[in-house]
Amino acid sequence: VVLVDDEPGLLRIAERALRDAGFAVEAFADAHAALARLTAAAGRVACVVTDQTMPGMTGDALAQVVAGSWPTVPIVITTGFAARIPSDALRRARVSAVLEKPYE
């Protein structure tokens, strides 16, 4: 799982929870670094979980890049503002799920 969140505390908590659930996780505080890893991984990523509101690149923008380059990789966006993400942006980006913050 490639995990992306610009808030270090939330990134650590989510990373730990995913690892405790048995997932191999690579965590990134920056969407561009996550994209570099996705490119290097060449098809070995099972899922992308990304925060929506981040500097430099939003979660739905990251999802659009992922969907265009790795169309079989599921994408989950986490956000405290789900209603603010246009549904057409989610469809274009092939977002599998939106997880409302705070989540467990």
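Which helix gives the largest share of the lining of the largest pocket? The answer is helix H1 (residues 8-20), with five residues.

## Basis of the report

This is a predicted model, in which local features need pLDDT of at least 70, side-chain atom pairs count only at pLDDT 80 or more, and totals for chains, interfaces and linings use all residues. Residues are numbered from 1 along each chain as its sequence is written, and side-chain values use heavy atoms, without hydrogens and water.

## The largest pocket

The largest pocket holds about 290 Å³ of space. Of its 13 lining residues, Ala14, Ala17, Leu99, Tyr103 and Glu104 are the closest to its centre. A pocket here is an open set of points on a 1 Å grid where a 1.4 Å probe fits, with protein on both sides within 12 Å along at least five of seven lines; lining residues have an atom within 4 Å of a point. The volume is the space filled by probe spheres set on the points.

By class, the lining has 11 nonpolar, two charged and no polar residues. Ala, Val, Leu, Ile, Met, Phe, Trp, Tyr, Cys and Pro count as nonpolar, Asp, Glu, Lys and Arg as charged, and the others, Gly among them, as polar.

Helices (H or I, at least four residues) and strands (E, at least two) are DSSP runs, numbered from the N terminus. From strand S3 (residues 48-51), Val48 and Thr50 point one way and Val49 and Asp51 the other way. All four are buried, meaning under 20% relative accessible area with a 1.4 Å probe, protein chains only.

Strands pair if DSSP finds at least two bridges between them. S3 runs parallel to strand S1 (residues 2-4), joined by three bridges, and valine 2 stands opposite valine 48. S3 also pairs with strand S4 (residues 75-79) in the parallel sense, over four bridges; here the partner of valine 48 is isoleucine 75.

Technical notes:
Buried means under 20% relative accessible area, exposed over 50%, partly exposed in between (1.4 Å probe, protein chains only).
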